[in-house]
Amino acid sequence: MRPGRRRKSDQEDYKPFWRTLPHTYLYPALGFLIGMCTPVGAFLTRYWISDPLLKTAWIRYEFQYNFLFYAFMGIGTIVSFMLFGYVLGLRSEEQRVNNRILQARLDELHLKSVTDGLTGTYSHGYLHEILELEMQHSLTSKTPLSLLILDIDDFKKVNDLHGHLFGDRVIKETAETIAANVRADDIFGRLGGDEFLVIMPAADQETAMSVARRICSAFAKSGHMATVSVGAASLSGSEKVSAADLLHRADVNLYQAKRDGKNRVCAGGKVAPQSAPAAGRAA
C-alpha cells in the first residue's frame, strides 16, 4: 500500500530533451559540432587575413584550390572529436547509470525511513514533520488546516480473541479503508498501534467532518469486524497555536468520541494553547 500522496510541483520531474539523451549519442554529437568549427575557423581566419576586395571571387577560388585542404581538415577533426566524444560518453553513461541505481537505492531507503512497515503509510515521525510544515503554510497563507485522529474501537478485544496476526490484518485493512476515503491532497499515516492521523491542507471543519463521516460509513458498508472513532480539529489559518495544540484538540475530541459510544466523529471545542496533558484514552 502506498503512503498518502503529497503535493508537488508539476515541474519537479521535467527534464529538457537533451538531458534524456544517452551520453554515447550526446557527446559524439558535440564532438561533431566542435570538429566542424576547425575548417570553418580556418576559412574565416584566411579570409580575415587576406581581406580581399573581390570577396565573392576570393571565396570561389579559395574553395576551388583549397577544397581538399578543408575537406581533410574537417574529416580528420570531426572523426577525432566524435571518437573522443564516444569514448567519453561510454564512461559518462556508465557513471550516470550507476548514479541512477544509487539514487533509486537512496529513494528506497528514504521511503522505508518515512513509512510504517506494517501498513505502508507514513510513519509517526514523518507525520509530525509534515504537520509542522503544513502549520507554517496555513499561518502564512491564512488557509484552513484540519486533522483527523482515528482509533480502532475495541482493538484490544480483537487481539485477545483472534491473536496478533489477525490484529495486524485488521490494522492493514483499516489503513486501506482510510486511504481510499481521504482526499487526494490529504497526508495520511499511522501514529502508532491502532491509531492513524490524516493531515488535511486547505480543509475547514465542515470538510474534515464530511471526510470523517465518509470513512466511518465505509467501515459500516465494507463489513469490517472493527469500527473507528474519529477526533477532528481545525484551524482557520489565523490562530497562533502550535502543532502540539492542534494534535491535543484532535486527541481530546477522539477521547470524547470514545466516551460517547465509539464508532462516531467528534469535532467539538476550539484549538487553544495546551495547558495540561491530554486525558487518558478509552480502548
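Helices (H or I, at least four residues) and strands (E, at least two) are taken as DSSP runs and numbered from the N terminus. The structure is a predicted model, in which local features need pLDDT of at least 70 and side-chain atom pairs count only at pLDDT 80 or more, while totals for chains, interfaces and linings use all residues. Residues are numbered from 1 along each chain as its sequence is written, and side-chain values use heavy atoms, with hydrogens and water left out.

Nine salt bridges are present, each defined as a side-chain nitrogen of Lys or Arg within 4 Å of a carboxyl oxygen of Asp or Glu. In helix α5, Asp-160 and Lys-156 lie four residues apart, about one turn of the helix. These two residues form a salt bridge whose closest N and O atoms are 3.1 Å apart, and both Asp-160 and Lys-156 are exposed. Relative accessible area sets the classes used here: buried is under 20%, exposed is over 50%, and partly exposed is in between (1.4 Å probe, protein chains only). Arg-96 is buried, at a relative accessible area of 15%, and Glu-93 is buried, at 15%. Arg-183 pairs with Asp-186 at 2.7 Å between the closest N and O atoms. Arg-183 is partly exposed, with 24% relative accessibility, whereas Asp-186 is buried, with a relative accessible area of 1%.

Strand β1 (residues 145–152) pairs in the antiparallel sense with β3 (residues 195–201) over seven bridges, and Leu-150 has Phe-196 as its bridge partner in β3. The pairing of β1 with β4 (residues 228–235) is also antiparallel, over eight bridges. In β4, Ala-232 stands opposite Leu-148, and Ser-234 stands opposite Ser-146.

In a regular strand the side chains alternate between the two faces of the sheet. Both faces of β1 are covered: Leu-145, Leu-147, Ile-149 and Asp-151 are buried on one side, and Ser-146, Leu-148, Leu-150 and Ile-152 on the other.

A nonpolar core is a set of buried Ala, Val, Leu, Ile, Met, Phe, Trp, Tyr and Cys residues joined through side-chain atoms within 4.5 Å. The largest such core has 28 residues, of which Leu-148, Ile-178 and Ile-215 touch the most other members. Two or more residues each come from β1, α5 (155–162), α6 (164–179), β3, α7 (205–222) and β4, with the largest share, seven residues, from α7. Apart from neighbours within four places in sequence, Ile-215 is in contact with Leu-148, Leu-150, Ile-178, Asn-181, Val-182 and Val-228, where contact means heavy atoms within 4.5 Å. A second, separate core of 22 residues includes Tyr-122, Leu-197, Ala-250 and Leu-254.

Helix α2 (residues 23–50) contains Met-36, which is partly exposed at 34% relative accessibility.

Technical notes: Pairing = 2+ DSSP bridges.
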